[in-house]
Amino acid sequence: QVQLVESGGGLVQAGDSLRLSCAASGLIFSRYAMAWFRQAPGKERECVVRINLIGDTTDYVDSVKGRFTISRENTKNTVYLQMNSLKPEDTAVYYCAADQVRREVISGRTAASYDYWGQGAQVTVSS
């Protein structure tokens, strides 16, 4: 049974940092491209960042470039999202997602591209 479990969310003030973790089990992690999505109340789920199998290719949405960093440790079956200089507009539930791929490519930006999802971690940034 595949499981993706996010942790590290919380309530912070604008300008603070948080690091989200997503621990995967039940799959061969090194065969999956990963992504972080977020969904704010009343808004569509948005792809924040994507990373390929080995972590040397990433793609960020413009609104987080220079503030967020994705990384992965295949030996620990974990993907991370370091979030710095947080803003109130970053408030959302953050989800990690996994897509099985055959090449060292990043997966698509749409939710339909991904096979497995975590349960989500709430991030709230106060002004």
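Author: Let us begin with the surface of the chain. In this predicted model, the protein chain exposes about 6500 Å², and carbon and sulfur atoms supply 44% of that area. Of the 127 residues, 42% count as buried.

Four strands form an open sheet in the order 1-3-8-7, and their pairing is antiparallel. Strand 1 (3–7) and strand 7 (68–73) stand at the edges; each has a single partner strand, so one side of each is left without a neighbour in the sheet. On average, neighbouring strands of this sheet are turned by 15° against each other, direction ignored. In general, strands of a sheet pair through backbone hydrogen bonds, either parallel or antiparallel.

Strand 7 pairs with strand 8 (residues 78–83) in the antiparallel sense, over six bridges. Here E73 stands opposite T78 in strand 8.

The wider setting is as follows. The protein chain contains 11 strands and zero helices, and along the sequence its pattern reads β-β-β-β-β-β-β-β-β-β-β. Among contacts between residues at least 6 apart in sequence, 59% join residues at least 24 apart.

The overall dimensions complete the account. The C-alpha atoms fill a box of roughly 40 × 30 × 25 Å along the principal axes. Because a compact globule with 127 residues would have a radius of gyration near 14 Å, the value of 14 Å for the protein chain agrees with that expectation.

Methods
Residues are numbered from 1 along each chain as its sequence is written. This is a predicted model: local features need pLDDT of at least 70, side-chain atom pairs count only at pLDDT 80 or more; totals for chains, interfaces and linings use all residues. Side-chain values use heavy atoms; hydrogens and water are left out. Two strands pair if DSSP finds at least two bridges between them. Helices (H or I, at least four residues) and strands (E, at least two) are DSSP runs, numbered from the N terminus. Axes are lines fitted to C-alpha atoms, for helices over the stretch in contact, and angles run from 0 to 180 degrees between N-to-C directions. The radius of gyration is taken over C-alpha atoms; the globule rule is 2.2 Å times the number of residues to the power 0.38. Buried means under 20% relative accessible area, exposed over 50%, partly exposed in between (1.4 Å probe, protein chains only). Contact means heavy atoms within 4.5 Å. Accessible areas come from the Shrake-Rupley method with a 1.4 Å probe; for residues, only the protein chains shown count as cover.
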